[in-house]
Amino acid sequence: MRQEYDPRAIEAAAQTYWEQAQSFKAVEDPSREKFYCLAMFPYPSGKLHMGHVRNYTIGDVIARYQRMLGKNVLQPMGWDAFGLPAENAAIQHGIPPSQWTKSNIAYMKAQLKSLGFGYDWDRELATCDPDYYRWEQWLFGRLMDKGLAYRAKSMVNWDPVDRTVLANEQVIDGKGWRSGAPVEKREIEQWFVRITAYAQELLDALDGLDGWPDQVLAMQRNWIGRSEGVHMDFGIAGSEEKLGIYTTRPDTLMGVTYVAVAAEHPLARRAAETDPGLAAFIEECRQGGVSEAEIETMEKKGHALGLDALHPITGAPVPIFAANFVLMGYGTGAVMAVPAHDQRDWEFAAKYGIPRKQVIFAADGSPCGIEAGAYTEKGVLRDSGPFDGLDSALACAAIAAWLEERGRGGRRVNFRLRDWGVSRQRYWGCPLPVIHGADGQVRAEIHLPVRLPEDVIVDGSGSPLKKMPAFSELGGGETRETDTFDTFFESSWYYARYCSPHCDTAMLDERARYWLPVDQYVGGIEHAVLHLLYARFFHKLMRDEGLVDCDEPFAKLLTQGMVVAETWYREDGEGRKQWFNPADVEVERDERGRLVRGRLQADGQPVIFGGIEKMSKSKNNGVDPQVLTDRYGADTVRLYTMFTSPPEQSLEWNDEGVEGASRFLKRVWALAQEEPREGREAGDGLAPGEVRHEIHAALRKALFDYERHQFNTVVSGCMTMVNSLHKLDRGPAGAAVMREGLGIVLRLLAPIAPHLSHHLWRELGLGDDILRAPWPTVDEEALRRDTLEYVIQVNGKVRGKIQVPAAADRQAVERAALENENVRRFLGEAQVRKVILVPNKLINLVVQ
């Protein structure tokens with residue numbers, strides 16, 4: 001065996017072995033319990049970052065652990081390859097997005113392999129491959145046939161620089177998330193998928209996802225947003241038109257003093273034809289996003305239409321305002337306003353001199369005036385005609401019944417969830433498989449795939465597909481759709497395609513029924529709503545096509561924490577910040593380890609501490625995992641990311657911690673060399689029985705921690721075992737314990753530091769392949785002890801230790817403690833007032 005630990009050689013040899021042995025090739029086998037482990041696939045941005053490394057290490061540890069439990073494991077990898085970043089990078093570098101993307105894939109694949117991740121590369125996919133996206137085109141055609149995919153005008157967030165539609169989540173402070181340009185509202189034809197048809201099922205099924213974090217479930221429930229309320233029709237003075245409105249507080253209906261409509265509402269547009277001030281207000285409202293979050297924080301503004309709505313119960317006229325806080329895409333684009341009982345409405349009414357009418361009062365008669373703000377609690381109705389004296393709950397039911405009886409409204413269930421807008425006006429995406437006929441009708445393309453032209457230089461002036469007649473002009477007055485799918489479309493079903501690789505006759509085949517659902521999904525909390533909700537929806541669409549036979553795609557979900565690090569910067573005279581990498585900063589700390597100051601190593605001048613933040617290029621606080629792998633080896637990087645914190649918590653980067661992980665692996669190596677640095681001569685170390693007890697006690701906890709995915713404490717347990725083995729008495733009796741202990745340590749480390757474990761397992765003659773080794777089990781006999789050690793405290797301070805028979809009862813332990821010579825000296829003549837016993841650990845004597 002080599003004398004020095006050489007990670008580069010060991011890791012290369014192990015990876016060659018796994019590749020030649022096809023160790024991670026997954027084959028369907030109904031006779032074996034399957035385990036499908038999947039980490040969210042990466043966007044091929046060019047290089048892995050530490051967030052990737054942590055995410056994929058967590059997934060690989062789980063997959064290897066389950067493999068060593070004897071399960072038939074599938075762990076695939078692929079590439080979320082379409083998207084706007086590739087277009088922008090291609091514009092910057094003057095090359096086609098396909099070339100940039102495929103080059104990045106090749107580099108990142110080599111990085112993943114160098115880290116020893118146990119993927120079945122035969123199942124690799126890239127979403128930009130026509131053999132992949134042809135099947136989502138096929139499914140979209142099926143959705144068109146079912147009426148679940150449709151085209152409609154929609155008010156959207158338009159980025160005038162990137163020239164595309166942005167999702168609400170891509171609008172930050174009124175600006176595009178990538179370009180930074182002020183976002184405009186624009187009404188354009190968009191393609192939608194009717195996710196609202198599945199809203200109730202998506203909501204109900206959350207109750208069965210016991211393996212998901214509560215936070216994610218709560219976020220999805222809120223996003224779906226089921227509410228029960230009343231729909232009603234307000235009349236329009238001087239017209240036969242009706243204005244539909246939905247409310248969850250019908251008990252406040254008698255307090256309506258105005259109605260607000262979206263600036264894009266047909267009523268507002270008509271009124272603006274003769275009102276220049278209103279027209280200017282509508283134009284102002286176009287400058288800004290259409291997200292609820294943005295609307296919530298903006299200044300509330302409005303403009304009267306010069307029209308009145310007629311109250312559905314009293315018939316009284318109330319003015320109609322166009323308001324910037326009403327969204328055309330949500331509900332009917334109109335809301336009833338009750339300033340006395342809604343704070344937003346109260347502030348708007350105060351600004352525009354609109355009356356406030358209080359109709360809800362505290363049931364217990366306590367003060368509930370509206371002079372300083374709205375009274376938003378439920379209570380008892382007054383000044384509400386036939387509904388006076390009813391509490392809010394009864395009033396809601398009574399008002400709904402009154403409206404239903406007269407055909408003016410009724411109860412309704414509403415959802416916050418809106419249909420999924422899936423079309424984007426960009427080039428680098430999957431083409432929508434739609435043909436526009438000469439007669440204006442649309443139909444699904446049947447000759448699939450509709451291939452995206454790849455040898456294209458993008459110049460940033462909109463989608464090149466719109467300028468390519470060879471792509472869009474089909475002859476006979478027919479044209480092909482030039483929009484491409486939202487990239488969430490591709491990432492919503494990739495997990496299923498892994499199960500049916502290379503199938504060219506169907507989207508999925510029978511193999512998918514063997515592997516699905518995914519048993520363990522790993523990814524960031526930032527995907528809690530969009531990706532995870534769309535994937536759940538897509539799964540139900542595939543189920544209803546008969547492609548899968550389960551209702552949910554992911555049985556368990558682990559959302560790993562972020563990798564964070566210190567940030568350091570300087571400001572120039574204009575307040576712009578220049579960020580410096582923490583590796584380039586010399587940090588001074590006080591005796592308690594608290595930060596005092598930092599200086600840039602290059603010039604010795606001070607830099608400002610910017611806090612602990614997620615590793616990012618923008619804050620220049622990242623660590624290149626390739627540099628670490630080259631310096632320390634993949635096992636050290638893997639071990640450090642697992643040891644530093646539990647998977648669900650943030651990992652705060654520390655260079656000294658990486659050094660510590662490297663030192664530990666070297667200690668394991670030294671132990672296997674039978675040259676421990678703390679070795680003991682025969683009769684001079686810990687007794688074999690004592691060491692074996694410590695090993696099996698640590699093993700019991702480590703096995704439990706593996707089940708909970710608490711890999712940091714698994715590593716801690718391995719460190720405890722290694723420390724004990726280093727102190728083992730090296731006499732003949734210790735040899736067997738050493739071999740047993742090393743075998744346990746290596747198997748526990750095998751999922752986390754697989755290369756070193758693989759090498760030492762073979763070198764020590766413990767077996768040919770540690771992946772096929774039986775998972776260690778606790779020997780209960782090793783945990784049995786003839787004697788127990790108790791710590792003795794007097795008034796909470798340690799004063800001695802005693803050994804007592806393991807079967808000793810409480811009285812025997814107390815007697816032994818009182819007879820201890822050191823304890824007697826501290827007790828003196830004092831009387832023991834109380835004895836506190838912690839079984840098998842501690843006894844505390846409380847004296848006067």
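Me: In this predicted model, a salt bridge is a side-chain nitrogen of Lys or Arg within 4 Å of a carboxyl oxygen of Asp or Glu; which residues are linked with E201 in a network of salt bridges?

Reply: Side chains of opposite charge can pair when their charged atoms come close. In this structure the rule gives a count of 56 salt bridges. Some of the residues involved form a network, in which E201 is linked with R536, K540, R543, D544, D551 and E552.

Me: How far apart are the closest N and O atoms of R406 and E405, and is E405 buried or exposed?

Reply: R406 is partly exposed, its relative accessible area being 40%. E405 has 62% relative accessibility and, because exposed means over 50%, it counts as exposed. The two residues form a salt bridge in which the closest N and O atoms are separated by 3.3 Å.

Me: What is the N to O distance in the salt bridge of R594 and D590?

Reply: R594, at 46% relative accessibility, counts as partly exposed, and D590 is likewise partly exposed, with a relative accessible area of 23%. Their side chains meet in a salt bridge, and the distance from N to O is 2.8 Å.

Me: Which residue meets the side chain of E613 in a salt bridge?

Reply: E613 has a relative accessible area of 28%, which makes it partly exposed. Its side chain takes part in a salt bridge with an N to O distance of 2.7 Å, and the partner is K619.

Me: How are the rings of F82 and W428 arranged, stacked or edge-to-face?

Reply: A pair of aromatic rings is described by the distance of the centres and the angle of the planes. The structure holds 40 aromatic pairs. For F82 and W428 the centres lie 4.9 Å apart and the planes stand at 80 degrees, so the arrangement is edge-to-face.

Me: How many residues apart are F82 and W428?

Reply: F82 is in the loop between β3 (78-79) and α3 (84-93), whereas W428 is in the loop between β20 (423-424) and β21 (434-436). F82 counts as buried at 2% relative accessibility, and W428 also counts as buried at 2%. The pair links distant parts of the chain, the separation being 346 residues.

Me: Which residue has its charged end over the ring of F471?

Reply: R416 lies over the face of W223, with 4.7 Å to the ring centre. Over the ring of F471, at 5.2 Å from its centre, sits the charged end of R480.

Methods: Residues numbered from 1 in each chain as written. Predicted model: local features only at pLDDT ≥ 70, side-chain atom pairs only at ≥ 80, totals over all residues. Heavy atoms only, no water. Buried < 20%, exposed > 50% of the residue type's maximum accessible area, 1.4 Å probe, protein only. Phe/Tyr/Trp six-rings, centres within 6.5 Å; stacked < 30°, edge-to-face > 60°. Helix = DSSP H or I, 4+ residues; strand = E, 2+ residues; numbered from the N terminus. Lys NZ or Arg CZ within 6 Å of the ring centre and 35° of its normal.
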